[in-house]
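Here is a short report on one model. It takes the helices, then the sheet, then the nonpolar cores.

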Amino acid sequence: MRTLLRVLTAARELWPWYAGIIATSVLVAVTALATPFVIARATDEVVAQVGGGGGGLLTLVVLAGALLVAELLNTVLTNIGGFLGDTMTMRLRAILSSRYYSKLLSLPQRYFDNQLTGTVINKLNRSITEVTQFLQMFSNNFFPTLITVVAVLVIAGFYSWPLTLLLLIIYPLFTWLTALTSKRWQKLEGEKNVELDAAGGRFAEVIGQIKVTKSFVRERTELDTFDDHYRRVVATTHTQSAWWHRMDVARRGSLNVIFFGIYLIIFAQTASGQFSLGDMVLLIQLVAMARTPVMMMSFLVDSSQHAIAGSRSYFEVMDETPEPLAAIGEVRSPDLTLTPAAGTAPAEPVTYDWPIQPDAPTIAFEHVSFGYDSDAEILHDITFAVARGERVALVSESGGGKTTLVNLLLGLYRPDAGTISIAGTDTTEVSLAKVRAQIGVVFQDASLFSGTVRENLAYGRPHATDAELEQAARRANAHEFIVRLSEGYDTLIGERGVRLSGGQKQRIAVARAMLKDAPLLVLDEATSALDSRSERLVQAGLEELMADRTSIIIAHRLSTISTVDRIITLRDGRIDEVGSPAELATTDGIYAELLALQESGTKRDKRRMAAFDITG
Ligand SMILES: Nc1ncnc2c1ncn2[C@@H]1O[C@H](COP(=O)(O)OP(=O)(O)O)[C@@H](O)[C@H]1O
Ligand SMILES: [Mg+2]
């Protein structure tokens, strides 16, 4: 229950809605309670008139009119409450979802290394749906009835204390039996959610890479694994539901026995002349009003269990520690005004001033050590500096830590020891947004988004003009193919750019990095996925991109590496050699070995080269 309260306080800006719902609920309860009183009064009046007394027809009309007014008011108020409930719930949903998203966006890379995308999405959907559905039901149905119950107890107290006593026993008894049930129920629910999240996570992963699944003919096994998860969910539900309903029989059975006592008291006390016939009619109606919510309670408990489980997994994510100095810092609520003043135009680009120290090297690693897991260090004591405008290539065996080094530079992970500075400033001392604004990256996988070519090009600079877009596209050798697409720059490229060839995607990625126009450039195997013709086209674009920029290049072609200013080779996670291509060609290090292997061209040597991700 505490987690549910946390949900409400998390969206405390909705307090006017909460207040409105409480107010209408009270009024709904009052109008509902008026009915039994009027009917009781009418019963006594009718009895009197049958006996020859009473106030005549007019009194009956007034009483029936009072019933009409009470019921009409009740109808209108119930609907106002429903409207407030619906709107509040959707607002709450928007707030919770947006907060979840902004929280995820602020989490470090490491968090995502350990999660399946689909699982993250599944969790969001389930937890938020369950929480909001419960609150909607609660505010639209349960809340007014709960208020009614309290009123019924108080009123019944005026008439007969044994009656109130029996009514009072029902609620703690029912709650106790429910608590007994819910502990086991919740544990089983947790087990179900683990299975559902696993199934959903894998599902999203497979659909996202359906080509691979198809080509390895794994559809059947993937489907079987999926079915296995659901089989276990069904089996758990079987146990869970059987338990729930057995307990429900016990609960309702005891309720039935108590109501037997209640009716007996009402009948007996009326027969003994303690109550009038009108009083009896009133009490029977009040007791019935108290009975409905108890019956509804198992439903309420059921959905509140869901909601509690849901809010728990929601807060599991919300309680993760965000990346220090993340681009999205504090988690805040979205703007939900019905007519936003500013429209949805992207915010003005932020310029991040960098505290440049003119004499410092552009990039400097000092005694950097790092491992993804605490027990396996990948990089040991890495120290090197890159001067302004210099081009440096990183060479190592595959898995030697080149990409890891780039990840560290981008601040995706923090070094375990040592410092990384850009233009003399330690990168841990400024915001990650600032650091990343300094660096343009072209990854091996172009990583585009669904949407148009134009949107993808402008991803790093939303306000770029058409002329700027075209200029970047031309320099990246992309303009010609873009204008040949059916809609030119407005062509939709599909999820992650599936409708483009590898080379086309890569050239858009290069143009995207050009538009970002960052002073530092990182190329991590930017062309290795391409055929040689596409590669030549992309390479020409990359040359343009590298001009006048400090660049770190991880390439898979010796010819690319031979034109850099310096090569840094890594061996066993340490820097092995540093020098110009000409210098390193004459040592017996990795680069010289690669050159020799390329010359020899035997099968065995080619295999050896393949270990370096390098071709001639
Ligand atoms: N996210 C990660 N979590 C754990 N280990 C990783 C992760 N990424 C890479 N590694 C490991 O780090 C080592 C270096 O990888 P990487 O830097 O990608 O090599 P390279 O780019 O030189 O081929 C490899 O042994 C790899 O298994
Ligand atoms: Mg790599």
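## Helix pair

Helix α2 passes α3 in a left-handed crossing (the near helix is turned anticlockwise from the far one by less than a right angle). Helices are DSSP runs of H or I, at least four residues, and strands are runs of E, at least two. The axes of α2 (residues 15-50) and α3 (residues 56-106) come within 8 Å and cross at roughly 160 degrees. That makes α2 roughly antiparallel to α3 (over 145 degrees). Axes are lines fitted to C-alpha atoms over the stretch in contact, with angles from 0 to 180 degrees between N-to-C directions.

The model is predicted: local features need pLDDT of at least 70, side-chain atom pairs need 80 or more, and totals for chains, interfaces and linings use all residues. Residues are numbered from 1 along each chain as its sequence is written, while chains are lettered from A and ligands numbered from 1 in written order.

## Sheet

Four strands form an open antiparallel sheet, ordered β2-β1-β4-β5. Strands pair if DSSP finds at least two bridges between them. β2 (379-386) and β5 (425-426) stand at the edges with a single partner each, so one side of each lacks a neighbour in the sheet.

Five bridges join β1 (residues 363-370) to β2. Ile 363 has Val 386 of β2 as its bridge partner.

## Cores

The largest nonpolar core has 70 residues. Such a core joins buried Ala, Val, Leu, Ile, Met, Phe, Trp, Tyr and Cys through C-beta atoms within 7 Å; buried means 20 or more other C-beta atoms within 10 Å, with C-beta atoms placed from the backbone. Helix α15 (residues 502-516) gives the most to this core, seven residues.

Definitions and conventions: A residue is buried if 20 or more other C-beta atoms lie within 10 Å of its own, exposed if 12 or fewer, and partly exposed in between; C-beta atoms are placed from the backbone. Angles under 35 degrees count as roughly parallel, over 145 as roughly antiparallel, 65 to 115 as roughly perpendicular and the rest as oblique.
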